[in-house]
Structures are given as C-alpha cells and as structure tokens.
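Open the model and keep the sequence beside it. We will go inside first, then out to the loops.

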Amino acid sequence: MTAGVPALWISSFEETRVLPEIKKIVQTRQASLYVWTTTRGVVDTDGRCTIPPDVGIEGAVQSMVDSTSAFVLVLLDPHEHFKPATKRKIRDAIQQFKSNCHLIVISPKDDAVPFELSRTFMPIDYELPDLTLMVPLTEALCEQASIKLRPDSAIKAVAESALGLTEFEARNA
C-alpha cells in the first residue's frame, strides 16, 4: 500500500495477524478500513455493517468505487464468488481507484490468484510465525497454564517445536 500498489493478494490462514497490521498502515495514511465477508457484508473498524451481505461482493466493490474518501477494502475468502462478471468488476474497480484507495484480498494459502486477476494483484505470501512471535507466545501460554519452563533454552525448544504452525494452532496445541 505504501508503494502505491492498488491491489494486494495476501496468502495466509491468519486473518487475526494480518488485519491488525493492515489497520496500522491504514491509520497512518488517514484512510478508512472496511472488511468484506460473505456472512457480514462490509463492516468498518468498529464492526458496524456499512453494506449488507445481500449486496454481494460486486455491490461492495462498486460502493467503494463510488466513495469519495480514502479507503482500504479487504475481501476475506472471496474465491467462491469469483464468477466472470465479478472478476471483471474487480478489474474495472481497481482501474478506477485513486491513489488513496486500495483493495486487499486475504485468502488461504491454497487459493491462488485467479488467472484473470493475476496481473492486477501483487501477491504477498504472509509467513507463518517465527521465533520472535513464538517465544513470547510460549512464555505467555506457559504462564497461563502455570507451567514453569526453565532454563530459557527449554522455552526456546518448545517455541521451535511450534514453528510451522499458525498462531491459532500454536495456542491450541
């Protein structure tokens, strides 16, 4: 977004890690953040529904095109809605976006960018947590469970064993 790319495709199972990072960037740009899901429609950062789910993905994208303010629209798991007309609508919308408007798709790692959109979106592979996240997470989980792991090498060993898991999976392992 800071490089002026209007559309990003983030491959990740970890919406709970990705969305706060996007929110931080959006706040520094003084733009509005909206998130679309099949079940909730478009919601703002306060969780208020701004566009109901029955409008669908095409209506949500069109509403953003009609907006006069800076925004970022995040689409969560939109693959099932990618009919030919939807893909065309997204391509048209991105061409109309001003420099202060962006579209971001967050999709599970197995879902590739549809061919028709592959030159429109910049793909980003959001990596799984590394030790900088897993060590503090391991410490916090051990503290919550009243487990004392000492020395620090034991905590690091447990954290290393969780590498390759999402944060959610590590919390529930």
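Predicted model: local features only at pLDDT ≥ 70, side-chain atom pairs only at ≥ 80, totals over all residues.

Residues are numbered from 1 along each chain as its sequence is written, and side-chain values use heavy atoms, with hydrogens and water left out.

Start inside. A nonpolar core is a set of buried Ala, Val, Leu, Ile, Met, Phe, Trp, Tyr and Cys residues joined through side-chain atoms within 4.5 Å. Buried means under 20% relative accessible area, exposed over 50%, and partly exposed in between, with a 1.4 Å probe and protein chains only. The largest core here has 25 residues. Among those with the most contacts inside it are Leu 73, Leu 75 and Phe 97. Elements giving two or more residues to this core include strand 1 (7-11), helix 2 (56-65) and strand 6 (101-107). Helices (H or I, at least four residues) and strands (E, at least two) are DSSP runs, numbered from the N terminus. Helix 2 gives the largest share, 5 residues.

A second, separate core has 16 residues, including Val 5 and Leu 33. In soluble globular proteins, nonpolar side chains tend to be buried together.

Now the loops. Asp 77 sits between strand 5 (71-76) and helix 3 (84-96). Its phi is near 50°, positive although Asp 77 is not glycine. Asp 77 counts as partly exposed because its relative accessibility is 36%.

Ser 146 lies in the loop between helix 4 (131-144) and helix 5 (152-161). Its phi is also positive, about 55°. Ser 146 has 64% relative accessibility, so it counts as exposed.
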